[in-house]
Amino acid sequence: MSFFGDKMKWKIIGKILILDEKYNNLSKDNLEKLKDKFHVESIIKIGNIHGQLREPTVDVLLGDTTETIHKENGCLFKLDISKVMWSKGNTNERMRIAKLVGDGEVVLDMFAGIGYFSIPIGVHANPKNIYSIELNPNSYNFLKTNIELNHINQKAGYEKMVPILGDCRVEVSKYKADRILMGYVRTTHEFLPSAINSLNPGGILHYHETVPDKLIDTRPIERIKEVAVNRDVELLNLVKVKKYSPGVSHIVVDARVE
């Protein structure tokens, strides 16, 4: 790939090649060569992810489709890159959570998206139920499709994984869970009261936050303790997922709330 520049950044999602948004000068010939090299159907650039619905800005450079099926960790995810986000940087974290889920647990995913965390849990773990809440109608529709693609409910013989369209602050109050996933960043702390109120005693919270590096060991867990009030909070683990911006990291706190 030397003729595209040594520092060119790219990733493949299903049959779509995604280039770093900085690349503006690739010729049609070079795009065709990229398409042949990686055996993809389309080449696009993704700009910012914006709004509460986490919708991307995209520029289709080559090809006529933005919809694809991506395979990761033995799971299938159908998505439209122009309508919903996908983070390759969270691959290990998605599988880490699936391995932590115990048999018979009730799991609640507050920001399910297309099933980023819920689907691996449904495929690789054995919970009693997974309640997956999503606000974006496009993501919700793909979530329903991905439950079927991975045969989660068919294999269980009952509605093991339940997709829910709505605001998680409203919907979460209808359930009690042993494990709650908060796979969202920037304003996640605003949803902590709803999450903790629905967490069973001794339940585990997986709380995501974007935090200045100098506050990693203090701010996230203190935010949980502040909301938990008179419930004991035990820090089980703190995982650095990836760099979010200079001096800021995307982290996950695993905490048990008694």
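**Reading burial, a helix and cysteines**

Tutor: Keep in mind that this is a predicted model. Start with Glu 32: its relative accessibility is 30%, so Glu 32 counts as partly exposed, since that label sits between the under 20% of buried and the over 50% of exposed. Glu 32 belongs to helix H1, residues 28-38.

Student: How many residues does helix H4 have, and what is its reach?

Tutor: H4 runs over residues 137-149, which makes 13 residues. From first C-alpha to last the helix reaches 18 Å, close to the 18 Å expected.

Student: Which residues of H4 are buried?

Tutor: Ser 139, Tyr 140, Phe 142, Leu 143, Asn 146 and Ile 147. Looking down the axis of H4, these buried residues fall within an arc of 165 degrees, so they line one face of the helix. Their cover includes strands S5, S6, S8 and S9, along with helices H3 and H5.

Student: What caps the N-terminal end of H4?

Tutor: Asn 136 does, with a side-chain oxygen 2.8 Å from the backbone nitrogen of Asn 138. Past the helix comes His 151, with a positive phi near 55 degrees.

Student: How many disulfides does a search of the whole structure find?

Tutor: General idea: a disulfide covalently bonds the sulfur atoms of two cysteines. Here the search comes up with 0. As for burial, Cys 75 is buried at a relative accessible area of 0%, and Cys 168 is buried at 4%.

Methods. Residues are numbered from 1 along each chain as its sequence is written. This is a predicted model: local features need pLDDT of at least 70, side-chain atom pairs count only at pLDDT 80 or more; totals for chains, interfaces and linings use all residues. Side-chain values use heavy atoms; hydrogens and water are left out. Helices (H or I, at least four residues) and strands (E, at least two) are DSSP runs, numbered from the N terminus. The expected span of a helix is 1.5 Å times one less than its number of residues. Buried means under 20% relative accessible area, exposed over 50%, partly exposed in between (1.4 Å probe, protein chains only). The arc is that of the directions from the helix axis to the C-beta atoms. Contact means heavy atoms within 4.5 Å. A polar contact is a pair of N or O atoms within 3.5 Å; within protein, one must be able to donate a hydrogen and the other to accept it, and residues adjacent in sequence count only if both atoms are side-chain atoms. A disulfide is a pair of cysteine sulfur atoms within 2.5 Å.
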